[in-house]
Every structure is written in C-alpha cells, then in structure tokens.
Amino acid sequence: MITTGQIIRCKAAVSWEAGKPLVMEEVEVAPPQKHEVRIKILFTSLCHTDVYFWEAKGQTPLFPRIFGHEAGGIVESVGEGVTDLQPGDHVLPIFTGECGDCPHCHSEESNMCDLLRKNTDRVGMIHDGVSRFSINGKPIHHFLGTSTFSEYTMVHSGQVAKINPEAPLDKVCIVSCGLSTGLGATLNVAKPKKGQSVAVFGLGAVGLAACEGARMSGASRIIGVDLNPKRFEEAKKFGVTEFVNPREHDKPVQQVIAEMTNGGVDRSVECTGSVQAMIQAFECVHDGWGVAVLVGVPSKDDAFKTHPMNFLNERTLKGTFFGNYKPKTDIPGVVEMYMNKELEIEKFITHTVPFSEINKAFDYMLKGESIRCIITMGA
C-alpha cells in the first residue's frame, strides 16, 4: 500500500526501433487515473501479435513502445471509479475490454465493446490519451492498453479479468489472448457435437487451442492442416488425429478433405490469416450442416471469393473475435476449466525465460521453435 498514489520506478523491456532487440530500461509508471488499474506483472508471454507490430511490416511504426498483452499479475492500486477490483486481486490484463454499458456489452451475442475494442494505434490511456509510462520525462507508448513487458503496467479496469487466486499465474497467463481465441472459436462459435469431425487450418498456438476445443467437445476426427510437417507430432497432444499438408497434394485441399470425410467435415476453424486458407476452410465443410469459423486476420486488401451455391447448399460461414469471450465475464470461467482439469494448459508452454532474457522469446518464435514462452518477471 505504500506505493498507492505514488510514481513507481521499475524495469521494462522497451522497443525503441522496429525489429531491433528490446532494451531493459528503468521506467516511471504514474498512479492510476479514473477507471484505471495499476498491476504488478508476475508472468507474461510472447504472442505473435507482439512480434507483428514489433517488426512494423505494413503497420504504423509507433516507437518507443512497451509491448506485451498476455500476462498475469496482482492489482497494486486502483483509480477513481473502480469498484470491482482492489489491491491484492489476482488478474489477467486483456487486450480487449468490457465496459458493461455499450450495446455490444449488453448483447449476449457479442463481445466487441464499443469503448475498449482492440486498437493497435492507441498509444495512451483512454481517459485522457496520455501515456502512464515515461523515461526521464519522455513518454513511452502503450500497446493494446496492456503493455505487459513491464514489471508494473496500467490497464483500463474494463480490460482486467479477476481470477481465482489459487490459479497458477505462470500457467493461466496465456489464457488472456491466444489460447482463449482458438478455444472459444471452437467451443463458442463452431460448437461441434460429440462424435463430429473438425478441420483446423494452421497449427500455431491459436490453431492448437482450437484443436483443444475440438478435443474437449468430443470430436471423433480432428484434421490438422498446415504447410509445416513438423507440426503434426506436436499437434497430436491436442487431439489431432490426421494431418494434411496442402503442398503434398495436386488437388485443392478442400477437395482432399471432402474425399477423406465422405463429403466434408462437420466443422472447420481457420487460424492462419491467409484468405486462401479461409476459402478452403469454408469449402471443405459438409453441405446441409457444415459450419466454418474464421479466426485469422487477413491483409487489408484481401478479398474472399466463393460461389454463392456454397451458401445456398446450407454451409455456414462465421467470424469470431477473441473466441466470443467477454473478458471480465467469461475469462474467469476459462481459468476454472483449467482448475477443474477440463482444459490442459501446460502443453502450450514450451519455453521459459527470465525477464532479463526476453529477447530469447522473440528468437524462439521467429525460428518457429515455441508455442508459448513464459517470461518470468523479477528474474
């Protein structure tokens, strides 16, 4: 409590330039303002989205910046108007939010909050647009309203999920982005029935989480589709029963899958961002009842093209954002799935590094060696 209302000086891994190694710096973190929560981060992990904006290829280069958005920590202090959180609470900061007041938050069908929806160009806090991070008086940009590559960070209270204090933060920190995105795409949107078949396109962290959702649903066949044959062995741990590499076939992969499954799979989940894979995922589901769910984010100029008869033959195409989970309402329940041994998290974690060696996490991801690398703060 001695830090309440005070500026906190702590270590943060600052990205000064696109594609260059992060630099460990001492930053100042201002006290929380209205509807803000200052969190002591204990564990964070690296998501591909961090790498994507760190490289700034085709993105607005906003530097210096503190990246990071998958993490777990403890509330240090809260600002004016925060009534549902208090110092000592165990929490997950989330890259999107739930204000509780907008039409999306009131809808049972949406999690796309008008106020706190994902915004990669926002560099300060919503309340006043000002950064809470600084070095020698110079502001350091926020990222996704979370900036978890810092020992202390500031997050809008609507982006903070309070979780079971018994849950191990070094495991459940990965629930705050990729795992929930893929898991929810299957459980909440595709909704396969027990015994049905599911094809998952892309076997990175999000795709493997989609496979985990299919496994939890009792799918009889889970077909993994990926261009990297090395992914199949790892994917077996997540319930994948068969593997298809499009490069190994001289016909469209949707046709290959249709022939494997007597007309198509019952459900498919696309987790690559490739518009070609999106079309394949849609066209490989069975007519009459097949449902395809798009998760990956395409390039801005991409266009989805398929014949209208695919819809008229009663195939369904859906999209999803963050697995259709509302951050504050639903994410604590995902943590409980893990605590109840329904959801397996450990198999997603392939590496662990101390905060001082955070750049190793980037190396592991760029080399394709990791699913999730846990970064231990204070180490």
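A polar contact here is a pair of N or O atoms within 3.5 Å; within protein, one atom must be able to donate a hydrogen and the other to accept it, and residues adjacent in sequence count only if both atoms are side-chain atoms.

A word on the model: it is predicted, with local features needing pLDDT of at least 70 and side-chain atom pairs counting only at pLDDT 80 or more, while totals for chains, interfaces and linings use all residues. Residues are numbered from 1 along each chain as its sequence is written, and side-chain values use heavy atoms, with hydrogens and water left out.

S180 belongs to helix α4 (residues 178-190); helices (H or I, at least four residues) and strands (E, at least two) are DSSP runs, numbered from the N terminus. S180 has a relative accessible area of 0% and is buried, a word that means under 20% relative accessible area, with exposed over 50% and partly exposed in between (1.4 Å probe, protein chains only). Leaving aside residues up to four places away in sequence, S180 touches V175, A185, F322, G323, Y325, I331 and V334, where contact means heavy atoms within 4.5 Å.

E36, in strand β3 (residues 36-45), is buried too, at a relative accessible area of 1%. Its side chain joins that of R132 in a polar contact of 2.7 Å. Beyond four places in sequence, the residues that E36 touches include V78, M125, H127, R132 and H156. E36 and T153 are 117 residues apart along the chain, yet their C-alpha atoms are separated by 10 Å.

Over residues 34-164 the chain is 9% helix and 28% strand, with end C-alpha atoms 25 Å apart.

**Two open sheets**

Strands pair if DSSP finds at least two bridges between them. For the angles, axes are lines fitted to C-alpha atoms, for helices over the stretch in contact, and angles run from 0 to 180 degrees between N-to-C directions.

| Strand order | Pairing |
|---|---|
| β1-β2-β6-β7 | antiparallel |
| β12-β11-β10-β13-β14-β15 | parallel |

In the four-strand sheet, β1 and β7 (138-140) stand at the edges with a single partner strand each, so one side of each is left without a neighbour in the sheet. Neighbouring strands of this sheet are turned by 50° against each other on average, direction ignored. Two bridges join β2 to β6 (residues 133-135), and E28 stands opposite S134 in β6.

In the six-strand sheet, the edge strands are β12 (242-244) and β15 (316-319), and the twist averages 20° from one strand to the next. Four bridges join β10 (residues 197-201) to β13 (residues 267-270), with A199 opposite S268. Helix α5 (residues 205-217) lies across β10, β11 (221-225) and β13, at about 170° to β10. Helix α7 (residues 253-260) lies across β10, β11 and β12, at about 160° to β11.

**Helix α11**

In α11 (residues 358-366), I358, A361, F362 and M365 are buried. They cover an arc of only 100° around the axis, which puts them on the same side of α11; the arc is that of the directions from the helix axis to the C-beta atoms. The buried residues of α11 pack against β1 (8-14), β2 (23-29), α1 (48-55), β16 (349-354) and β17 (372-376). After α11 comes G368, with a positive phi near 75°.
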